[in-house]
Amino acid sequence: MDINPAFSFTLKGQAWPGFVGVASGTFGYAKEYDGLSDFTKIGAVFTKAITPEPRLGNPPPRIVETPGGMLNSIGLANVGLEDFIRDKMDFLRRIPSAVVVNVAGALEEDYEKVVDRLEGVEGIWGYEINISCPNVRHGGMSLGTDPRLVEQITARLRGRTTKPLIVKLSPNVTDIGDTASAAQNGGADAVSCINTLVGMLIDLKTKRPVLPLNTGGLSGPAILPVALAAVWKVSRRVKIPVIGIGGITRWEDAVQHLLAGASAVQVGSGSFANPRLAEEVHEGVLEYARSNQLKSLADFHAMAD
Ligand code: SIN
């Protein structure tokens with residue numbers, strides 16, 4: 001694969017082959033997309049969230065369509081750390097994309113357990129710390145909306161790995177710049193901006209919320225403007241790179257993320273409707289760069305300022 005280094009996202013001297021990742025929870029453990037997606041155009045696979053023990057997740061319904069998007073209430077369902085290493089890593093080691101494990105848990109110790117165990121496992125590029133899932137009662141967003149806790153957990157994990165450490169930010173806060181700064185202060189190498197927005201749908205027959213925990217996480221085209229505003233704000237607040245995520249269903253959306261200040265992007269629930277979306281974004285952004293004489297990812301930022 002011949003990827004121009006000027007269009008590769010790099011952290012701690014390690015480059016993705018490209019600048020488009022596929023977001024955690026929307027791409028399984030990657031094997032699910034084998035034969036559907038061209039992994040040579042996917043810079044990074046962000047795995048399903050991994051917790052120390054397997055989790056069944058929330059009761060159904062766990063996904064519901066909304067105007068302009070979808071709500072999910074998966075509840076961090078996953079195979080657990082040991083089954084992930086035994087059953088999922090073989091395939092992940094064979095793909096050309098960087099493998100970023102999304103790390104989750106109920107307690108800070110759970111995050112430490114996952115990182116400690118994965119440090120000895122070959123084929124992992126880095127970690128994305130999930131302190132922004134809105135669908136669990138413990139951990140997730142409850143850790144990621146308090147800047148003090150964000151800094152604390154980031155520092156605890158920073159002390160345990162030299163691999164790239166990316167903190168996935170919640171948009172469900174007053175000022176996302178504060179939590180981004182806290183992640184930076186704790187030693188994060190980058191932030192993913194943003195996870196889903198808390199939302200609700202109500203069933204007119206039952207007169208009850210549709211989702212099992214009442215609310216869920218909103219993704220899809222409806223959140224693009226919210227994500228762009230967050231990327232814009234965070235990229236001006238912190239020095240570490242911002243990975244733009246939220247509302248990308250066309251390459252033009254990804255261009256907007258880069259112009260807003262992102263150094264790379266993640267495609268999320270858009271992959272459900274179009275498993276080739278990440279490749280299309282990769283090609284479309286490169287073509288836009290060619291036709292606008294942008295010679296590197298950094299050139300997008302020069303235009304934004
Ligand atoms: C979920 O598992 O409920 C979604 C994951 C997330 O929002 O981080």
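## Helix 7 and the residue after it

Just after helix 7, G261 takes a positive phi of about 135°; helices here are DSSP runs of H or I with at least four residues, strands are DSSP runs of E with at least two, and both are numbered from the N terminus. The model is a predicted one, in which local features need pLDDT of at least 70 and side-chain atom pairs count only at pLDDT 80 or more, while totals for chains, interfaces and linings use all residues. Residues are numbered from 1 along each chain as its sequence is written, and side-chain values use heavy atoms, with hydrogens and water left out.

Within helix 7, the buried residues are D253, A254, V255, H257, L258 and A260, where buried means under 20% relative accessible area, exposed means over 50%, and partly exposed lies in between, for a 1.4 Å probe and protein chains only.

## Packing of helix 7 on helix 9

Helix 7 (residues 251-260) packs against helix 9 (residues 277-291) at an angle of about 60°, and their axes are 8 Å apart. That makes helix 7 oblique to helix 9, since angles under 35 degrees count as roughly parallel, over 145 as roughly antiparallel, 65 to 115 as roughly perpendicular and the rest as oblique. The axes are lines fitted to C-alpha atoms, for helices over the stretch in contact, and the angles run from 0 to 180 degrees between N-to-C directions. The crossing of the two helices is right-handed, a term used if the near helix is turned clockwise from the far one by less than a right angle, with left-handed for anticlockwise.

On the helix 7 side, W251, A254, V255, L258 and L259 meet E280, V281, G284, V285 and Y288 of helix 9, contact being defined as heavy atoms within 4.5 Å. By class, this contact has 8 nonpolar, 1 polar and 1 charged residues; Ala, Val, Leu, Ile, Met, Phe, Trp, Tyr, Cys and Pro count as nonpolar, Asp, Glu, Lys and Arg as charged, and the others, Gly among them, as polar.

An open sheet is formed by 4 strands in the order 5-6-14-11, with antiparallel pairing; two strands pair if DSSP finds at least two bridges between them. Strand 5 and strand 11 (197-199) are the edge strands, each pairing on one side only, and neighbouring strands of this sheet are turned by 35° against each other on average, direction ignored. Strand 11 is joined to strand 14 (residues 216-219) by 3 bridges, and the bridge partner of L197 in strand 14 is L218.

Elsewhere, strand 9 (residues 165-168) and strand 10 run parallel and are joined by 3 bridges, with V167 standing opposite V191 of strand 10. In strand 10 (residues 190-193), A190 and S192 point one way and V191 and C193 the other way, yet all are buried.

## Backbone features in the loops

L76 and Q293 each have a positive phi although neither is a glycine, at about 60° for L76 and about 55° for Q293.

P60 and P61 are joined by a cis peptide bond with omega of about -5°, and P61 has its place in the loop between strand 4 (44-46) and strand 5 (63-66).
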